[in-house]
Amino acid sequence: MHLPRFAAALLLSASALLPLSAAAQSQPAANRVLRVAPHADLKTLDPVSASIVITRMHGLMIYETLFAWDSNLEPKPQMVESFETSSDKLTWTFKLRPGLKFHDGQPVTTKDVIASLTRWMKRDTIGGKLGEYTEGMEAIDDASFKLKLKRPLALVPFALGSAVGQIPVIMREADAKTDPMKPVMETIGSGPFKFNREEWRSGSKIVYDRNADYVPRSEPADGLSGGRVVKVDRVEWLIMPDAATAAAALQTGEIDIWEQPSQDLIPVISGNSQVKVERYSNLSTQAMLRPNHLHPPFDNPKARLALAYATDQADFLAAGFGDETWWKRCSAYFVCGGPNGIEAGAEGYAKPDLEKAKALLKESGYKGEKLVLSTSNDIAPIGRMAEVAGAALKAVGFNVDVQFADWGAVTTRQQNKNPPDQGGWNLFVTFASGATMQSPLTNIGTNMGCERAWSGWPCDAEAEKLRGAFVDAPDDASRKVALEALHKRLAEVQPYRVLGQFDQPYARRTNVAGVLAAPVMLFWNIEKK
């Protein structure tokens, strides 16, 4: 028996539709998928091995920390259910909250916690300082452990909740036993999202799925603290290095959030009634020019002082961010507008002095050797500011080669301690959040602990002594005295050149709500209507 042609065609069409319908049913509804254009591609998966913002954002998606900072940077329990301190303030006892488990189904235990914190203390600025105070850690049982100190430190919860630098995320014990100098390649955390490795396309798309087994805290979300309630099924980071492409995608609804819109396009997207441009941080972001202290000429403080006198913050900030509405001059290492935002000792660098820069450069012994300034146009303001740096430094006698690469390659190169002609570097421009830079305890650039320091590896015993005095200060008055002495010393030795500060907004579609105030963008609590 033969079917009429139209009937056969109809059956064929129906059968073709069946698998499409099944596939469609397996996909989340449009309002359950949040599409985001992040500021950079994700290259490094381990938030303990790298302090770059995109890796920290990734880490906060899939991992958790024992404590978490609220919107006022105050630490609140997160993975911890309860804690207590001994009368002599030397022993801290912590109990984990019930129901914590990794994405592979295994429970989180104190073995995982101790291994994770041990590794973090060997990499991070805050972790390193806590490590100096730590006598040891001891598991009481699977849910409780003790942290024993050599001397009292009131900032223990603050450190364990750090959301800046390399963050103290809790990994599985086996992962946390990885060499601290090598990145962990696994992505199994206990956080509210799971990393979808199968759909990860470097340079194109990063996907996170809601962790259906995650049990959030009962408190309201506040900054990084409180209940991490996920209100979408899936978050997609779509890599759009071209700002015009991202702006168009936001306006047409192809993406829901542009994490760091280009300032020169803010007037364009602000004119769209379906788009809102807002700030999500109370502290401005700091820009910096970071020299490598391991190799000439910046192993000599006179060459670093030459950087300060050769550069005008306004030139950098105008190139990076345009309208002065979004930026301001500031010579404070610990951020103007923050609790430690003083400029003691740095007043002389407010405006350039080219002749003094030339004289200091000559005194440093510099002979015109080629210097490598490693940078990228993937983050457009960084690329533009690097070009300003190259021109300003050439004007006073530095022989600067501005080398562009993708941002992932730049951040990888920043970890290389070899001489510049062997894959290392001399300079780079970067940004750090106000939350990161607002305190001597958290500021990654002012850690001058040599091998324990961040990329650039500055080494100054006096600055470290003064930083320790700030941390140890018993009261606000003595802490203020220590702060001023530290800042004056930093201005003398110049661990990096402060390039001022700016406000980085984000942009969202008006049907998106719930973005939290935090040091980086967070994706729980966000809903899409």
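Let's start at T55, which is found in helix 2 (residues 53–62); helices here are DSSP runs of H or I with at least four residues, strands are runs of E with at least two, and both are numbered from the N terminus. T55 is buried, with a relative accessible area of 0%, where buried means under 20%, exposed over 50% and partly exposed in between (1.4 Å probe, protein chains only). Leaving aside residues up to four places away in sequence, T55 touches L42, T44, L45, D46, P47 and A50, a contact being heavy atoms within 4.5 Å.

Before going further, a word on what you are looking at. This is a predicted model, in which local features need pLDDT of at least 70 and side-chain atom pairs count only at pLDDT 80 or more, while totals for chains, interfaces and linings use all residues. Residues are numbered from 1 along each chain as its sequence is written, and side-chain values use heavy atoms, with hydrogens and water left out.

How confident is the predictor? The protein averages a pLDDT of 92, and 95% of the residues score at least 70; pLDDT is the predictor's confidence in each residue, from 0 to 100. Over residues 1–25, pLDDT stays under 50, and the model has two contacts for them beyond four places in sequence. Where pLDDT is low, the predicted coordinates should not be read in detail.

Four strands form an open sheet in the order 4-5-7-6, with antiparallel pairing; two strands pair if DSSP finds at least two bridges between them. Strand 4 (80–85) and strand 6 (134–139) stand at the edges with a single partner strand each, so one side of each is left without a neighbour in the sheet. From one strand to the next, the twist averages 15 degrees. Strand 4 pairs with strand 5 (residues 91–96) in the antiparallel sense over five bridges, and F83 stands opposite F94 in strand 5. In the loop between these two strands, strand 4 and strand 5, you will find K89. Phi of K89 is near 65 degrees, a positive value in a residue other than glycine, and K89 counts as partly exposed at 46% relative accessibility.

Helix 3 (residues 110–121) lies across strand 5, strand 6 and strand 7 (144–149), running at about 160 degrees to strand 6. Helix 4 (residues 125–133) lies across strand 6 and strand 7, at about 90 degrees to strand 6. Axes are lines fitted to C-alpha atoms, for helices over the stretch in contact, and angles run from 0 to 180 degrees between N-to-C directions.

Helix 4 also packs with helix 15 (residues 461–472), at an angle of about 75 degrees and with the axes 12 Å apart. That makes helix 4 roughly perpendicular to helix 15, a term for angles of 65 to 115 degrees. T125, K129 and Y133 of helix 4 make this contact with R467, G468, V471 and D472 of helix 15.

Two more backbone details are worth a look. Most residues other than glycine have a negative phi, and most peptide bonds are trans. L73, although not a glycine, has a positive phi of about 65 degrees. This residue, L73, sits in the loop between strand 2 (67–69) and strand 3 (75–77), and counts as buried at 17% relative accessibility. The peptide bond from P296 to P297 is cis, with omega near 0 degrees, and P297 lies in the loop between strand 13 (285–291) and helix 9 (301–310).

How values were computed
Angles under 35 degrees count as roughly parallel, over 145 as roughly antiparallel, 65 to 115 as roughly perpendicular and the rest as oblique.
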